[in-house]
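Welcome, and please take a moment to look over the molecule below. We will then learn to read it one feature at a time.

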Amino acid sequence: MFQGVYTAVITPFRQGKIDYDSYFKILENQIRSGVAGVVPCGTTGESPTLSYEEHKELIQKTVQVVAGKIQVIAGTGSNSTKEAIELTESACADGVDGILSVNPYYNKPTQEGMYRHFTEIANVSSKPVMLYNIPGRTNVNLLPETVARLAAHPKIAAIKEATGDLGQMAKVIASTPPDFDLLSGDDNLTLPVLSIGGKGVVSVVSNLFPRACVDMVSLYLRGDLEASRKIYYKLLPVFINAFIETNPIPIKAAMSWFGYCENELRLPMTTLSEGSPADTFKKTVFQLKEEGIV
């Protein structure tokens with residue numbers, strides 16, 4: 001159901017408001033580049049700083065612009081089960097192709113609490129649900145045993161795995177049905193995750209280099225491992241440097257360097273610090289652009 005590259009798309013801002021002109025251009029570039037889908041209102045889209053109204057509007061406009069050309073997997077997660085349900089129902093009504101639901105953050109629920117949280121969301125969702133396990137930002141780890149329980153729900157179809165633990169991901173794949181899809185939540189682990197049976201990646205770097213990311217994954221899935229690895233190692237410095245500061249700080253800076261948007265974030269996120277790491281990142285992305293890795 002979910003296979004390939006899904007771009008965790010940034011939310012451009014201008015003078016404190018969502019810059020829809022820039023956002024629509026980014027979406028059009030994603031469509032032209034052949035990504036499987038986009039994920040608005042995720043971590044990379046600065047969803048914690050979006051108002052409820054902005055969140056709903058951004059998803060509505062994404063669906064309208066994409067117009068069925070690629071999939072839209074809307075971020076509707078929250079640490080409040082009630083709020084996550086409301087966002088999920090709204091996104092489903094707007095015509096998304098799936099929803100992405102993150103571990104409840106800050107509350108630090110038990111495994112049973114997370115199982116019940118995601119089950120309640122799935123019960124009201126008319127679209128497939130992709131779980132999102134990212135302990136580094138939520139302080140709770142959705143364990144393979146819990147994922148296996150959740151995978152039995154007819155609406156829970158996939159997981160975006162951002163633990164960085166290939167062993168845990170392998171356990172998830174081994175303990176879930178063949179049609180349950182696991183996607184990497186870390187760009188730098190895309191090929192390792194594919195090698196253990198993952199189906200693709202929810203990517204940050206594909207904001208900037210969508211075609212290269214699509215080619216890398218498509219070549220791997222077609223069995224051309226050598227060509228896929230060649231692109232992977234070209235992109236690896238970007239995969240690493242895109243996280244020199246908290247996501248989406250570096251990728252938003254890079255998108256502004258390429259003219260896609262203003263380098264504007266909402267507090268408590270700040271712009272990329274000046275100095276050696278940022279200079280190295282900038283040099284790397286422009287070098288790849290000059291080489292045609294777009």
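Q: Which residue stands opposite Gly200 in β10?

A: Leu183 stands opposite Gly200 in β10. Before we go further, a word on the ground rules: this is a predicted model, in which local features need pLDDT of at least 70, side-chain atom pairs count only at pLDDT 80 or more, and totals for chains, interfaces and linings use all residues. Residues are numbered from 1 along each chain as its sequence is written, and side-chain values use heavy atoms, with hydrogens and water left out.

Q: Which strands pair with β10, and in what sense?

A: Two terms come into this. Helices (H or I, at least four residues) and strands (E, at least two) are DSSP runs, numbered from the N terminus. Two strands pair if DSSP finds at least two bridges between them. Here, strand β9 (residues 181-184) pairs with β10 in the parallel sense over 2 bridges. Strand β1 (residues 4-7) also pairs with β10 in the parallel sense, over 4 bridges, and there Val5 stands opposite Val201.

Q: Where is Ser101, and what does Ser101 touch?

A: A contact means heavy atoms within 4.5 Å. Ser101 is in strand β6 (residues 98-102) and is buried, at 0% relative accessibility. Not counting residues up to four places away in sequence, Ser101 touches several residues, including Gly77, His117, Phe118 and Tyr132.

Q: Which residues does the UniProt annotation "binding site" cover?

A: UniProt positions are given here in the numbering used for this model, feature names are shortened, and annotations may be inferred rather than shown by experiment. The annotation "binding site", from an unreviewed UniProt entry, covers Thr44 and Val202. Although spread over 159 residues of sequence, they cluster in space, with a largest C-alpha distance of 10.5 Å. Thr44 is found in the loop between β4 (37-38) and α2 (52-66), while Val202 lies in strand β10 (residues 200-203). Thr44 is buried, with a relative accessible area of 2%, and Val202 is buried with a relative accessible area of 2%. Leaving aside neighbours within four places in sequence, the contacts of Thr44 include Ala8, Asn207 and Pro248, and those of Val202 include Tyr6, Ala8 and Lys160.

Q: How many aromatic pairs are there?

A: Rings of Phe, Tyr and Trp (its six-membered ring) pair if their centres lie within 6.5 Å; planes under 30 degrees apart count as stacked, over 60 as edge-to-face and the rest as tilted. By this rule the count is 9 aromatic pairs. Phe2 and Tyr6 have ring centres 6.0 Å apart and planes at 75 degrees, so they are edge-to-face. Phe2 is buried, at 1% relative accessible area, and Tyr6 is buried, at 1%. Elsewhere, Tyr20, Tyr23 and Phe24 form one aromatic cluster.

Q: Which residue lies over the face of Tyr115?

A: A charge sits over a ring if NZ of Lys or CZ of Arg is within 6 Å of the ring centre and within 35 degrees of the ring normal. Arg149 lies over the face of Tyr115, at 3.7 Å from the ring centre. Lys289 lies over the face of Phe258, at 4.4 Å from the ring centre.

Conventions. Buried means under 20% relative accessible area, exposed over 50%, partly exposed in between (1.4 Å probe, protein chains only).
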